[in-house]
Amino acid sequence: MSIWADKNTRVVVQGITGREGTFHAVQCRDYGTKVIGGVTPGKGGTTHEGFPVFNTVREAREKESADCSLIFVPPPFAADAIMEAADAGIELIICITEGIPVNDMVKAHDFLKKSNARRVANGETPSRLIGPNCPGIITPDQAKIGIMPGHIHKAGPIGIVSRSGTLTYEAVGQLTKRGIGQSTAVGIGGDPLPGTNFVDCLAAFEADPATEAIIMIGEIGGTAEEEGAAFVKANVKKPVVAFIAGQTAPPGRRMGHAGAIISGGKGTAAEKMEALEAAGIHVVKAPSDMGKRIEEVWKK
Amino acid sequence: MKVHEYQAKEILRRYGVPTPRGIVADNAEDARKAAEQLGGRVVVKAQIHAGGRGKGGGVKLAKTPDEAAEITQKMIGWTLVTHQTGPEGRVVNKVLIEEALNIDKELYLGITLDRKLGCPVVMASKQGGMEIEEVAERDPSAIFREPIDAVLGPQPFQARAIAYALGLEGEAYKKCVDFMQKLVRCYIETDAALAEINPLLITKEGDVLALDCKLSFDDNAMFRHKDFLELRDLNEEDPLEVEASKFGLNYIKLDGNVGCMVNGAGLAMGTMDIIKLAGGEPANFLDVGGGASAEQVKNAFRIILSDKNVKAILINIFGGIMRGDRIAEGVVSAAKEVGLPVPVVVRLEGTNVELGKKILAESGLPLITADGMWDAATKVVAAAQGK
């Protein structure tokens, strides 16, 4: 078991003929993911690196039963790509693109909300957006849908959710070195308006029988960690270990990620760590302690 | 991207948002002429990006054009220190000469993104001139919040609700309703990240104007606002950060002495944190990006070494898809070209990491290899302390 992605997930890559899209479509296929093809408007009917190319996501869904889309479309067009995937009925939309304007994402979220309401009313599964500005999702040995290095992962009982790509790899690396595998690792991305949040992932991991403990990696900015903490306190029985990046970040500065900013004294690491601790979450101060701590609390 | 008050007000006027009449000047003579044109009695306002200018002495009333010239003479070239500039302050290069108005009320109006609701939100308060964070801290109920549907835009009933919340009546009420709708349109259409009118001025004559205005834009949307790029004032930014941005490096200068070069924003923050935990102080935040190519590593070395406080450097690369030996080769060739006046600790992770470490060890360069982040942090802190 796992959350959201497994060996049956059928992935279409939007922007497959671009440099990034090409490279990662091949990497995902090599890992064993069912990449059924790609979409590049105007290049439908051709093949690219052995992948059939379609003009629209709808076509990829109809012909190849794609149920997941992996987006590498450049920032000015990425929100449109998300909406196209949702409109085609894609259930899992993973947007890797970094640098999408906030206003575009506000509109894409609005579109998703309406399209999902229609789908739910029709008895269909709604779309879940992961990202943007994220590394994607991986269920080790089943499906790698994103840009993470597959070889550092190992199948096992720990669920990981993170706002940062490389810190997710760091956590995975520490676990695998200790011989501990992962159920699913989700990068929810560093943007201010992510499609999937800590709460969504925590709920899914709590319900997933294959997940026995959870690592959540947050960072400065916003209140998503605090909301996650409240959710854990009320609903999560599995042990949770957390790290918050940016304990030394200066206020008012954007630390690389569009969403990583302490504004008006709010969104500090200290506040978040306090909220997480108050919810019974095991907070580590050093990112190097994530693996060690999970081993301690999980084996109890 | 932030802009100056005078630039922000020009943008507001394009959307019909009323502002006091004003003219920008960079010398005493122009300031005198501007004051004459504006009727003699003016306010001279130092143009720096940071807030808190009034308290710092950067906003002064001039009763005559001569006085305006005199104040301008003193302000241009002066280093203005406010609670937002830090102790080093900012040099004033321009002043805004603005007509002095008859103040009846000073209110607050701000628009920013509400991350929880996923849409812009208008914040209004009767306590103008105060920092909104202070008001929020002391009395959150004093702030009225109205979320805006970004697809539909501001609706008249929302503008009315805000004007009522601000306690306005008569002419001022009507003008505020109009002001608010235009301001929200400006916020959305310019891809602003923050539009803050503080204070929102109600004059004794019942006019509603933006007495001060802070405007900043979503950097990710600048591709559709090319005309805004020329509004960027490089004097307001750290020269090293400007230099780094030319190479696509995400660099933020800090006060410590341990330089860091990391791939990924989260890991870069985590690296700063662990340096602090190990007893050191990070000199910077620097994300070299996912690829960490030899060229990028070289540029990053140059930027970090331009900061004379740096006593040691920690390179923390989680190679991921990129091979460890390739990264090691990049680090070695960059280090040879740039030269290394300070000790460098390298922590590599990813495929072929053992081969990578071998390349580093055999390079003949003073590179210290480390296993894991804690080992790397303790080694670099010791090196920075000369141990």
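Residues are numbered from 1 along each chain as its sequence is written, chains are lettered from A and ligands numbered from 1 in the order in which they are written, and side-chain values use heavy atoms, with hydrogens and water left out. As the model is predicted, local features need pLDDT of at least 70 and side-chain atom pairs count only at pLDDT 80 or more, while totals for chains, interfaces and linings use all residues.

Helices (H or I, at least four residues) and strands (E, at least two) are DSSP runs, numbered from the N terminus. Two strands are taken to pair if DSSP finds at least two bridges between them. In chain A, seven strands form an open sheet with mixed pairing, in the order β3-β4-β2-β1-β5-β6-β7. The edges of this sheet are β3 (47-48) and β7 (128-130) of chain A; each has a single partner strand, so one side of each is left without a neighbour in the sheet. The partner of β3(A) is strand β4 (residues 51-54) of chain A, to which β3(A) is joined by two bridges in an antiparallel arrangement. Within this pair, A:H48 has A:F51 of β4(A) as its bridge partner.

Strand β11 (residues 182-187) of chain A is mostly covered, with six of its six residues buried (buried means under 20% relative accessible area, exposed over 50%, and partly exposed in between, with a 1.4 Å probe and protein chains only). Strand β8 (residues 136-139) of chain A runs antiparallel to β11(A) and is joined to it by three bridges; here A:G136 stands opposite A:G187. Strand β10 (residues 155-162) of chain A runs parallel to β11(A), with five bridges between them, and A:V161 has A:V186 as its bridge partner. Between β10(A) and β11(A) the chain passes through helix α5 (residues 165-177) of chain A, in a right-handed β-α-β crossover (with the strands pointing away from the viewer, the path from the first strand over the helix to the second runs clockwise).

The contact between the chains (heavy atoms within 4.5 Å) takes 57 residues from chain A and 43 residues from chain B. The buried area between them is about 3800 Å², of which carbon and sulfur atoms give 64%; this is the accessible area (1.4 Å probe) that two parts lose on being put together, summed over both. Five salt bridges are found across the interface (a side-chain nitrogen of Lys or Arg within 4 Å of a carboxyl oxygen of Asp or Glu). One of them links B:E349 to A:K177, with the closest N and O atoms 3.3 Å apart. On the side of chain A that touches chain B, the elements giving two or more residues are α1 (19-31), α4 (102-121), α5 and β13 (240-245) of chain A.

Chain B contains 12 helices and 18 strands, and its C-alpha atoms fill a box of roughly 80 × 50 × 40 Å along the principal axes. Of the 387 residues in chain B, 55% are buried. B:E88 is placed in the loop between β4 (79-80) and β5 (90-91) of chain B and is exposed, with a relative accessible area of 54%. B:N299, in helix α9 (residues 294-306) of chain B, is buried, with a relative accessible area of 6%. Not counting residues up to four places away in sequence, B:N299 touches B:F247 and B:L249.
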